[in-house]
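Please open the structure in your viewer and keep the selection panel at hand. The tour below goes from one selection to the next and says what is there at each stop.

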2 protein chains.
Amino acid sequence: MEKTIGRMSLYRRLLLDIEKRGASHVYSHELARVAGIGAAQVRRDLMTMGFSGSPSKGYHVADLIGHIGTAIDPPEQQRVALVGVGNLGRAILAYFHGRRPKLAIVAAFDDDSAKVDKVVHGCRCHPLRAMSEIVPALDITVGIITVPAESAQDIADRLVNLDIKGILNFAPAALRVPPGVFVDTMDITTALEKVAYFARKGR
Amino acid sequence: MEKTIGRMSLYRRLLLDIEKRGASHVYSHELARVAGIGAAQVRRDLMTMGFSGSPSKGYHVADLIGHIGTAIDPPEQQRVALVGVGNLGRAILAYFHGRRPKLAIVAAFDDDSAKVDKVVHGCRCHPLRAMSEIVPALDITVGIITVPAESAQDIADRLVNLDIKGILNFAPAALRVPPGVFVDTMDITTALEKVAYFARKGR
C-alpha cells in the first residue's frame with residue numbers, strides 16, 4: 001500500500017510534465033519508461049484505481065491526473081508544520097511554497113530569536129513553545145522534522161502528543177513513535193556518503 | 001553492501017553526537033537503540049570491520065569513529081559537483097558547506113545568469129557549458145542533481161560522459177545510467193505526499 005501511494009504520486013508528477021509538453025495521451029509503456037517501473041506494474045496500478053486507457057491512444061493525461069488526485073489527495077486542505085528552520089528547513093519551505101494547494105506547510109517552529117515571528121517563504125516562524133497552541137488551532141496533521149539529530153526524538157514526541165499522525169524526518173535519527181503514526185526518514189548525508197563510496201569503488 | 005555502508009555512515013553520525021555529549025564509551029545496545037537497528041546487527045557490522053569493544057565498558061567512541069572513517073571515507077578528498085542551484089540546490093550547498101572535509105562540493109552549475117559566477121555557500125556557480133572543462137579539471141567523481149525532472153536525464157547523461165561514477169538525484173525522475181554508475185534518488189515530494197496520505201488514513 002505504502003509503495004502504491006508512492007508510485008501514484010510519482011506518476012502524477014510525470015504526467016504533469018507530460019501535460020506541460022502538450023501531449024493529451026500517453027501509453028502505459030511510455031509512463032513506465034520515465035518512471036523506471038515495469039509497464040505491467042503501471043497498468044496494474046491504474047487498473048486498481050479503476051482507470052483504463054484506449055488500446056489505440058493510451059491514457060488520457062488530464063483525466064488520469066484528476067483520477068490520481070481523487071485517490072491520493074486530501075478532500076480538503078491538509079496542513080503541515082515544519083520544525084527546525086535551518087538551511088534544510090528553509091529549503092523545504094521554499095520548495096513546497098505554493099506547490100500543492102491541498103498540502104500546505106502552514107506553520108514553522110524554531111527557537112532562534114532571529115527567526116521567530118519572521119515569515120520564511122510564505123510561512124510564519126513561531127517559537128517551539130507555541131506548538132501546543134498552534135498545531136491544534138490550525139488543525140495540523142503532518143510534521144516535517146529538520147532539527148539536528150539530538151533533538152529529533154523530543155520534537156517527534158511533542159508532535160505525537162499534539163495528535164500528529166505522519167512525520168517526514170530529515171534528522172539522521174531513528175524515531176520511536178506509537179502505532180498509528182507513520183514516519184518516513186530521509187537521510188541526505190548518508191545517501192551522499194553511500195553514493196561517494198560506490199563512485200570510488202566503481203572507478 | 002550498500003546497506004552496510006549506509007549503516008556505517010549512520011553509526012558515525014550518532015557516535016559524533018555521543019562524543020559531543022562527553023561520553024568516551026558506548027555499548028552496542030545503546031548505539032543500536034539510537035540507530036533503530038538490532039544490537040546483534042550493530043555488533044556484526046562492527047565485527048566485520050575488525051572492531052571489538054570491551055564487555056565491561058563497551059566500545060571506545062573516538063576509536064570507533066576513526067575506524068569507520070578508515071573504512072568508508074576516501075583516502076583523499078573526494079569531489080562533488082551540484083547541478084541546479086534552485087532552492088533545494090542552495091540548501092544542499094549550505095548543508096554540506098564545511099561539514100565533511102573529505103567529501104566536498106567544489107563546483108555548482110546553473111544556467112541562470114543571476115547565479116553564474118556567484119559564490120553560493122562557499123561554492124562557485126558556473127554555467128552548464130563549463131561542466132565539460134571543470135569536472136575533469138577538479139577531478140570530480142560524484143554529482144548531485146537538483147534540476148527539474150524534465151532536465152534530469154540530460155544532466156545525468158552529461159555527468160556520466162564526464163566519467164562521474166555516482167549520482168545523488170533529487171529530481172522525481174528514474175535515471176538511466178550505464179553499469180558501473182551508482183544512482184540514489186531521493187524524492188522529497190513523493191515522501192511528503194505518502195506521509196500525508198497515511199496521516200489522513202490513520203485518523
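Is A:Lys194 buried or exposed? In this model, which is predicted, A:Lys194 counts as buried, because its relative accessibility is 13% and the cut-off for buried is under 20%.

**A second pair across the chains**

Next select A:Glu193 and B:Arg12, which form a salt bridge whose closest N and O atoms are 3.0 Å apart. A:Glu193 is in helix H8 of chain A, while B:Arg12 is in helix H1 (residues 2–20) of chain B, so here again the pair joins two chains. A:Glu193 is buried, with a relative accessible area of 6%, and B:Arg12 counts as buried at 6% relative accessibility. Then select A:Arg13 with B:Asp187, where the side chains meet in a salt bridge at 2.9 Å, N to O.

**The whole interface**

Now show both chains and colour the residues in contact, of which 66 come from chain A and 66 from chain B. Helix H8 (residues 188–202) of chain A gives the largest share of the side of chain A that touches chain B, namely 14 residues. That side of chain A, sorted by class, holds 35 nonpolar, 11 polar and 20 charged residues. About 6,100 Å² is buried between chain A and chain B, and carbon and sulfur atoms give 65% of this area. Across the interface there are 6 salt bridges, and 21 residue pairs are in polar contact.

**The rotation axis**

Turn the view until the two chains can be compared, for a rotation of 180° with 0.0 Å of shift along its axis superposes chain A on chain B with an RMSD of 0.1 Å. The two copies are therefore related as by a two-fold rotation axis. The same surface serves both copies, as 100% of the contact residues of chain A recur in chain B. To find the axis from chain A, select A:Ala91, whose C-alpha, at 2.6 Å, comes closest to it among the residues of that chain.

**Helix H5 of chain B**

Move to helix H5 (residues 87–96) of chain B, which is mostly covered, with 8 of its 10 residues buried. Among the buried residues of this helix are B:Leu88, B:Ala91, B:Ile92 and B:Phe96. B:Gly98 follows the helix, and its phi is positive, near 75°.

**A stop at B:Ala39**

Select B:Ala39, which has its place in helix H3 (residues 39–48) of chain B. At 22% relative accessibility, B:Ala39 counts as partly exposed. Leaving aside residues up to four places away in sequence, B:Ala39 touches B:His29 and B:Ala32.

**Back to chain A**

Finish with a pair inside chain A, A:Lys165 and A:Asp163, whose side chains meet in a salt bridge at 3.3 Å, N to O. A:Lys165 counts as buried at 19% relative accessibility, whereas A:Asp163, at 37%, counts as partly exposed. Seen as a whole, chain A has 8 helices and 9 strands, and 56% of its 203 residues count as buried.

Notes: Residues are numbered from 1 along each chain as its sequence is written. Chains are lettered from A and ligands numbered from 1 in the order in which they are written. This is a predicted model: local features need pLDDT of at least 70, side-chain atom pairs count only at pLDDT 80 or more; totals for chains, interfaces and linings use all residues. Side-chain values use heavy atoms; hydrogens and water are left out. Contact means heavy atoms within 4.5 Å. Buried area is the accessible area (1.4 Å probe) that two parts lose on being put together, summed over both. A salt bridge is a side-chain nitrogen of Lys or Arg within 4 Å of a carboxyl oxygen of Asp or Glu. A polar contact is a pair of N or O atoms within 3.5 Å; within protein, one must be able to donate a hydrogen and the other to accept it, and residues adjacent in sequence count only if both atoms are side-chain atoms. Helices (H or I, at least four residues) and strands (E, at least two) are DSSP runs, numbered from the N terminus. Ala, Val, Leu, Ile, Met, Phe, Trp, Tyr, Cys and Pro count as nonpolar, Asp, Glu, Lys and Arg as charged, and the others, Gly among them, as polar. Copies are superposed by least squares on the C-alpha atoms of residues with pLDDT of at least 70 in both. Buried means under 20% relative accessible area, exposed over 50%, partly exposed in between (1.4 Å probe, protein chains only).
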